[in-house]
Amino acid sequence: MLDNDCLFCKIIKGEIPSAKVYEDEEMHVFKDIAPKAKVHLLAVPKDHYKLLSEMDESRAETLSHILAKLPEIAEKNGCDNGYRLIVNQGDDAGQTVFHLHVHILGGENLPFE
Ligand code: AMP
Ligand code: ZN
């Protein structure tokens, strides 16, 4: 289910443009508009979940699909020497878009922060 007011749902529907690098039946991967590393991608499930904490056992397959696909996608997009995955959960983590997404950061030696 998509949410009409959600930025990433609009990107998934093609209402807002994105630099897409991968798509399948369960997820989109596109470039972050304000990259925090040389390579900064966002992997986004097509279904609208606001938070990681909404992913109970029955929805966990979506996450395992994303995690299973990410290494190949990351390597094909300039992260062949390593990368970091980040999921921001909620306000204290600074989550700004409330549609679950996994950040993929790489393409250079990353500072630890
Ligand atoms: P978070 O802080 O974890 O919620 O991350 C949201 C991310 O979405 C940030 O890194 C933003 O730079 C990114 N972002 C916001 N708007 C867009 C957009 N239109 N296209 C691509 N990335 C975006
Ligand atoms: Zn959404």
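The space taken by ligand 1 is the largest pocket, a pocket being, on a 1 Å grid over the protein atoms alone, an open set with protein on both sides within 12 Å along at least five of seven lines. The model is predicted, so that local features need pLDDT of at least 70 and side-chain atom pairs count only at pLDDT 80 or more, while totals for chains, interfaces and linings use all residues. Residues are numbered from 1 along each chain as its sequence is written, ligands are numbered from 1 in the order in which they are written, and side-chain values use heavy atoms, with hydrogens and water left out.

**Ligand 1**
- Of the 17 residues around ligand 1, those that come nearest are Asp32, Asn88, Thr96, His101 and His103, where a residue counts if one of its heavy atoms lies within 4 Å.
- A polar backbone atom of Thr96 is 2.7 Å from an oxygen atom of ligand 1, and a backbone N or O atom of Val97 lies 2.9 Å from an oxygen atom of ligand 1.
- The protein buries 86% of the 510 Å² that ligand 1 exposes when taken alone, as computed by the Shrake-Rupley method with a 1.4 Å probe.

**Zinc ion (ligand 2)**
- Cys6 (SG), Cys9 (SG), His48 (ND1) and His99 (ND1) are the protein donors of the zinc ion, at 2.0 to 2.3 Å from it, donors here being N, O and S atoms within 2.8 Å of the metal (3.2 Å for Na, K and Ca).
- The site is tetrahedral, with angles of 106 to 116° among its four donor atoms, the term requiring all angles to lie between 85 and 135 degrees.

Notes:
Four donors count as tetrahedral if all angles lie between 85 and 135 degrees; four count as square planar and six as octahedral if opposite donors are over 155 degrees apart and all others between 65 and 115; anything else is irregular. A polar contact is a pair of N or O atoms within 3.5 Å; within protein, one must be able to donate a hydrogen and the other to accept it, and residues adjacent in sequence count only if both atoms are side-chain atoms. On a 1 Å grid over the protein atoms alone, a cavity is a set of points where a 1.4 Å probe fits but cannot get out, and a pocket is an open set with protein on both sides within 12 Å along at least five of seven lines; lining residues have an atom within 4 Å of a point. A molecule sits in a cavity or pocket if more than half of its atoms lie within 2 Å of its grid points.
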